[in-house]
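Colleague: Please show me the structure. I would like to ask a few things about it.

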Amino acid sequence: MLETIRKLWKIEDLRKKILYTFFMLILFRLVGVIPAPGVDAARVLNSAGTDLPLLQLVNMMTGNAFSQMTIMAMGITPYINSSIIMQLLTFAIPALERMQQDEAGGGREKIARITRYVTVALAAIQAIGLVAGLGYIKSGWLNYVLVGISMAGGTALAMWIGERITDKGIGNGISLLIFVGIISNLFNGIVSGFGTAFATGTSSAWMSAVAIIVVALVMTVIVTFVDLGERRIPLQIAKQVKGRRVYGGQSTHMTLKVVSVGVLPLIFAYSFLAFPGTIIQLVGGTNSGAYVWWTRYMNTGSVWYMIISALLIVAFTFFYSSISFDPRKQAEQLIQQGAVIPGQRGKNIQSYLQRTMNRLNLFAALFLAVLAAVPTLLTAQLNASVPFAASSILIAVSVSLETIRTIEGEMSIRGIETDKETGFM
């Protein structure tokens with residue numbers, strides 16, 4: 001590994017990309033400590049934090065910027081939401097689908113531009129609604145405007161930083177911003193756990209701090225192993241004679257990721273379950289009968305919560321896979337390329353791909369459901385706050401592996417081996 005870093009550092013343009021990425025991430029974190037105007041700072045400081053599940057998810061992905069009510073309180077989450085919305089609308093609205101497929105006319109750039117506008121608008125609406133619901137905005141309509149503009153501006157800046165990293169740095173900029181927020185939250189949680197252990201000196205506090213680190217490492221190893229998993233479907237490309245040349249006639253394979261849906265089913269399930277409790281608390285308060293019932297039967301450690309969340313993860317896994325992978329189009333592309341799956345012909349190729357994806361989706365759904373239950377069970381057993389969730393571990397591992405692959409690709413282009421000599425994955 002040290003030899004790899006040494007070789008990497010000697011490449012001037014690659015060194016510039018890494019430094020550019022590093023300083024842009026530092027800029028993102030530094031801007032994240034600037035308090036938003038229009039927010040009652042005294043009330044934020046006196047608050048013990050929010051116990052709204054939906055906002056805990058936002059706070060995790062922003063690296064505690066939301067709990068501190070900075071201009072980066074919304075972070076990059078509105079961009080993620082708008083990207084998902086545009087992706088779903090592309091499948092639902094034919095005009096948007098045609099625009100996305102129109103590469104010659106700049107269709108993808110138009111979709112990206114629309115996504116940016118939706119991101120800024122969504123960030124302003126979310127900022128005003130959530131901060132006002134928590135009672136952190138000072139009185140006066142001007143303060144509402146200031147909160148909306150400043151936090152939407154913070155999201156726009158975060159989006160700009162992410163795009164600049166993607167263009168001039170290493171890896172996917174948006175993913176790296178989320179990664180930095182998650183790692184910051186995890187680091188602060190571990191430091192807080194050990195600080196509590198030092199302060200109290202009890203064996204239970206030390207066991208909780210050590211258990212959190214051990215479970216986080218075990219989950220990271222398991223997620224890494226599964227994330228690298230692939231299902232390779234053998235393909236046979238038929239020979240084609242064009243003039244005096246013969247094309248094809250070779251064996252290859254079609255690669256399908258074991259967990260192709262990524263973290264989206266977890267985020268969908270968490271958001272779906274967090275939304276009712278958030279609305280009940282904001283509208284009815286903590287003394288309403290609906291809130292008492294919800295916290296009793298649908299708190300994050302309850303059996304019903306875990307069962308329903310597991311069912312939602314399974315449902316969203318199959319739903320997202322159905323819109324991201326089309327067996328019919330894949331089968332048509334294989335036929336056009338003259339490729340066949342051994343033992344499968346014609347329409348059987350489509351049904352074979354569908355059966356294969358269903359099996360992979362079932363494994364992915366069960367894996368994600370079990371993964372999501374681990375932090376919940378750990379919290380219940382240790383009776384302590386766990387500074388990570390299944391989605392955060394999955395995101396962090398996926399971004400790390402993707403960044404490593406990007407660095408490997410950059411070095412391979414320059415003729416430097418990374419797999420045998422260096423120990424990179």
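Colleague: Which residues do ring pairs link into a cluster with F194?

Modeller: This is a predicted model, where local features need pLDDT of at least 70, side-chain atom pairs count only at pLDDT 80 or more, and totals for chains, interfaces and linings use all residues. Residues are numbered from 1 along each chain as its sequence is written, and side-chain values use heavy atoms, with hydrogens and water left out. Rings of Phe, Tyr and Trp (its six-membered ring) pair if their centres lie within 6.5 Å; planes under 30 degrees apart are stacked, over 60 edge-to-face, the rest tilted. Ring pairs join F194 to F198 and W206.

Colleague: What kind of pair do F198 and W206 form?

Modeller: Their ring centres are 4.8 Å apart. The planes stand at 75 degrees, so the pair is edge-to-face.

Colleague: Is F198 buried or exposed?

Modeller: Buried means under 20% relative accessible area, exposed over 50%, and partly exposed in between (1.4 Å probe, protein chains only). F198 has a relative accessible area of 64%, so F198 is exposed.

Colleague: Which residue stands opposite P234 in strand 4?

Modeller: Strands (E, at least two residues) are DSSP runs, numbered from the N terminus, and two strands pair if DSSP finds at least two bridges between them. Strand 1 (residues 230-237) and strand 4 are antiparallel partners over eight bridges. Opposite P234 is H253.

Colleague: What is the order of the strands in the open sheet?

Modeller: Strand 4 (250-257) and strand 5 (339-340) are the edge strands, each pairing on one side only. The sheet has three strands with antiparallel pairing, in the order 4-1-5.

Note on methods:
Helix = DSSP H or I, 4+ residues; strand = E, 2+ residues; numbered from the N terminus.
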